[in-house]
Structures are given as C-alpha cells and as structure tokens.
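Please walk me through this structure.

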Amino acid sequence: VSVDVKVEEKKGGIKFELIESPANTPPPKTKSSSPTRTISSENIDEKLKAAAERRLSLEAKKIEQLSNQLSKIEHAMKKRDEISKEFSVRSKKVLEEKMEQYSEKKEAHISEVLCKLKKQFENGEKTRQSLESALEEIKENTNLKLLQASKKRESQIQELTKRLKEHDEHAKSVYNALKEKQEELKQRILTKEEEAALRKEQKIKEKLEKLKEKDNRSEKVRQNKTSESCTENGTESPASG
C-alpha cells in the first residue's frame, strides 16, 4: 500500500490529506503448462529468498515514499509557518494601522464633541443671560403694571365712592322732594275735603232753611185757611139767628 499526501492551501491555513493507494504488486504468475516437476528444497529456498527480496524492496519503496511524503509535509509545514508568520506580521501591521486610525478618529471625535459641548455651553450661557434679562424685564413690567393697576384701581374706587355719595345725596334730595310733594298733596286733599265738608254742610243748612221756610209758609197758609174758615162760620151764625 502506498501513501500520498495532498497539500491544499486555503484561506487561514494549509490542508493536508493522506491518500492510500494499493501497492504495485506484480501480477500473479500463471501456472506454466509445463509438465509437473518435483520441487526441491533449493527451489523452495530460492523462492523464499526471492519473496524476501521482493518484500524488502516493497518496504524500501514504502520507506522512500514515506520519506518523500514526510519531506512534502515538512515543506508544507515550513511554508505554512512562513505564511502564518507573514499573515501574523501583515495582520499586526493592519491592526496597528487600524488602531492608529481609530485613535486618530477617536481624538478627532473627542475634539469635535468637546468643541460642540463648548459651543453648547457658550450658547447655554448666552441663553441663560438672555432669559435672566427677559425675566428681569418681565418683573419690571409686571411691577409697573401692578403699580399702574393699583393706582387705577384706587382712582376707580375713589370715583365710585364719589358717585355713590352723589347718588345718595341725589336719592336723599329726591326722597325729600317726594316727601314734600306728598305732604303738600296730603294738605291739598285735606283742604279739599274740608272745603267739600263745608260746602256740604252749607248745602244742608240751605236745604234745612228752605224746608223751614216752606214749613213756615205752609203753616201760615194753614193758619190763614183756618182763620178764614172761622170768619166764615161767625158770619153765618148771626144771620141764622
């Protein structure tokens, strides 16, 4: 049996593959069609010796093949070490370059962030000052407005107090005037009632006097009639005698 080594380079390493192949054994000898002969001990020894030589030859070939394969393996391992070393150096260099770039980018980013923070702080300080100024102005305007509103309210209160006083005085004046008119009207009514009572009493007196005069006239008429009747009766009496 022979052993072959297949070396295959791949990304990140080298692949070794051992392949066994059947030994190059000589084809079996066909039996000769010669007539059978007697095999002696010498022939047997020669055959055994030939077989041993063939075996030694095969083993030597195997050893040679293994030596060649080991040489290939050593060469491949050496090449792999060189490739690994080169890859390690190249990777280290790339890593150092990347680290350097990262460090530069990091420093640039930190500088940019610090610059932005500084600007934000400056803007914040300006904003704070602006807000404080606006707040102070609002306070002043508020105090001024409150003072003006207080003065205006006091003025309005005084004006309302004055109007209420004038209204009270006017209401009192109107009340007194109405009271005077009421008293005057009451007096007029009483005067008219008294005058009406006097006129009624006068009319009653006049009616009574008229009735009295009428009664007096009636009495006089009656008396006159009575007197006339008596006179007539007296005249008739002497004539009859």
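This is a predicted model: local features need pLDDT of at least 70, side-chain atom pairs count only at pLDDT 80 or more; totals for chains, interfaces and linings use all residues.

Residues are numbered from 1 along each chain as its sequence is written, and side-chain values use heavy atoms, with hydrogens and water left out.

The protein has 2 strands and 1 helix, in the order β-β-α along the sequence. Helices (H or I, at least four residues) and strands (E, at least two) are DSSP runs, numbered from the N terminus. Helix H1 covers residues 41-240. Of the 241 residues, 2% are buried; buried means under 20% relative accessible area, exposed over 50%, and partly exposed in between (1.4 Å probe, protein chains only). Contacts are heavy atoms within 4.5 Å. Among those between residues at least 6 apart in sequence, 38% join residues at least 24 apart.

The protein exposes about 22900 Å², and carbon and sulfur atoms supply 55% of this area. Accessible areas come from the Shrake-Rupley method with a 1.4 Å probe; for residues, only the protein chains shown count as cover.

Two surface patches can be described next. Patches are made of residues with over 30% relative accessible area and no salt bridge, with like charges joined within 9 Å and nonpolar side chains (Val, Leu, Ile, Met, Phe, Trp, Tyr) within 5 Å. Ile110, Val113, Leu114 and Leu117 form a nonpolar patch with about 330 Å² of accessible area together. Leu117 belongs to helix H1 and is partly exposed, at 45% relative accessibility. Arg199, Lys203, Lys207 and Lys210 form a positive patch. Here Lys and Arg count as positive and Asp and Glu as negative, while His and the chain ends are not counted. The place of a charge is taken as NZ of Lys, CZ of Arg, CG of Asp or CD of Glu. Lys207, also in helix H1, is exposed, with a relative accessible area of 56%.

The structure holds 9 salt bridges, each a side-chain nitrogen of Lys or Arg within 4 Å of a carboxyl oxygen of Asp or Glu. One of them joins Glu86 and Arg90 at 3.7 Å, N to O. These two residues lie 4 residues apart in helix H1, about one turn of the helix. Glu219 and Arg222 meet in another, at 2.0 Å, and are 3 residues apart in helix H1. Salt bridges that share partners also join Glu125, Arg128 and Glu132 into one network.
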